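Here are some questions and answers on a protein model, for a reader who has the sequence and the 3D structure at hand.

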Amino acid sequence: MKSCITISLVEEARGGPFVLWDGLEKSIAFAGELGYDAVEIFSPGVEVIDPDALGKMLDVAGLKLAALGTGAGWVKHQLQLADPDAAKRQQARDFVRQIIDCAGQFGAFAIIGSMQGPSGKTGDAKTALGYLAEALEDGGQHAAQYNVPLVYEPLNRYETKQCCTVADGVALLESLSTDNVRLLCDLFHMNIEEADIADALRIGGKWVGHIHFVDSNRRPVGCGHMQYGRIIEALREIDYQGYLCAEAFPYPDPHEAARQTMRAYRYWTQT
Ligand code: LER
Ligand code: MN
């Protein structure tokens, strides 16, 4: 299992659960100094990412790009993949495709989290889930040209009614004709929704493509009451080889949150 840390470039998301906020250059250099393997970037859109410059920063720091988030499509532009309006749905899919194209150049994947829409508020839930399935189908097929999956994140009930558990996520992915979509299992959301986090990861099995590595209170790993021993055991059992990515509040501050996660990552992966 490899280590990863989130960098947010989205001012509108200040106060949100992202660790580093100090721009790409400084954040990537700092993550490199701490020995992280990769970064996950939450960007307002592809227009702020210069692929050549980003590639150089990553090379100098010895890091990979693991993923690009698509959440700014919702946070900044109010786009969602389950919008009842067909034109808005198309705009949301186009936004996701652009992020897939940008990430794909780096062998990185795009993440669908808040872009899935809350559902249940607008239109009926089954229709909304159908729109999400169509969008995952589209994005999964589009991502295949880069040999990367599209990654879909179930969220807790206060953020979405689409899929809140790993089992719901697996059922959705199994209903697709593409097999190029994987699940992002965020331990914070799972702590709210799952009866047993380790067992849920076993249900996720081969579909688990990314982990948001965070504690029960969304602070860095080690600052809450999550039981990591059984979680790591389950990830080993399913032969998970992907990232444990710090997506947590920058508590008590971004640098200490990054250091704390790295200490916890080393502790849990080396014992
Ligand atoms: C949102 O709660 C979250 O966990 C992010 O990874 C998705 O945008
Ligand atoms: Mn997450």
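Q: Which element gives the largest share of the lining of the second largest pocket?
A: The model is a predicted one. Strand S3 (64-69) and strand S7 (208-212) each supply at least two residues of this lining. The largest share amounts to 3 residues, and the element they come from is S3.

Q: How many residues line the second largest pocket?
A: This pocket has a volume of about 230 Å³. Closest to its centre are Lys 2, Phe 109, Gly 209, Gly 242 and Tyr 243. By class, the lining has 11 nonpolar, 4 polar and 3 charged residues. The number of lining residues is 18.

Q: How many charged residues are in the lining of the largest pocket?
A: The largest pocket holds about 360 Å³ of space. Its lining has 22 residues, with Phe 18, Phe 42, Ser 114, Glu 159 and Glu 247 nearest the centre. Sorted by class, 8 are nonpolar and 8 are polar, and the number of charged residues is 6.

Q: Why do the buried residues of H2 line one face of the helix?
A: Buried means under 20% relative accessible area. In helix H2 (residues 51-61), the buried residues are Leu 54, Gly 55, Leu 58 and Ala 61. They line one face because, seen down the axis of H2, they fall within an arc of 140 degrees.

Q: Which elements do the buried residues of H2 pack against?
A: The face of H2 turned away from the buried side carries the exposed residues Asp 52, Lys 56, Asp 59 and Val 60. The buried residues, in turn, pack against helix H1 (23-34), S2 and S3.

Q: Which residue takes a positive phi just after H2?
A: At the start of H2, a side-chain oxygen of Asp 50 comes to within 3.0 Å of the backbone nitrogen of Asp 52. At the other end, just after H2, a positive phi of about 70 degrees is taken by Gly 62.

Q: How far apart in space are Gly 35 and Arg 259, C-alpha to C-alpha?
A: Gly 35 sits in the loop between H1 and S2. Beyond its neighbours within four places in sequence, Gly 35 is in contact with Ser 3, Met 262 and Arg 266. Gly 35 and Arg 259 are 224 residues apart in sequence, but their C-alpha distance in space is 9.8 Å.

Technical notes. Residues numbered from 1 in each chain as written. Chains lettered and ligands numbered in written order. Predicted model: local features only at pLDDT ≥ 70, side-chain atom pairs only at ≥ 80, totals over all residues. Heavy atoms only, no water. 1 Å grid on protein atoms, 1.4 Å probe; cavity = no way out; pocket = protein on both sides within 12 Å on 5 of 7 lines; lining within 4 Å. Points joined across faces, edges and corners; volume = space filled by probe spheres on them. Nonpolar A, V, L, I, M, F, W, Y, C, P; charged D, E, K, R; others polar. Helix = DSSP H or I, 4+ residues; strand = E, 2+ residues; numbered from the N terminus. Buried < 20%, exposed > 50% of the residue type's maximum accessible area, 1.4 Å probe, protein only. Arc of directions from axis to C-beta. Contact = heavy atoms within 4.5 Å. Polar contact = N/O pair within 3.5 Å; in protein donor to acceptor, adjacent residues only side chain to side chain.
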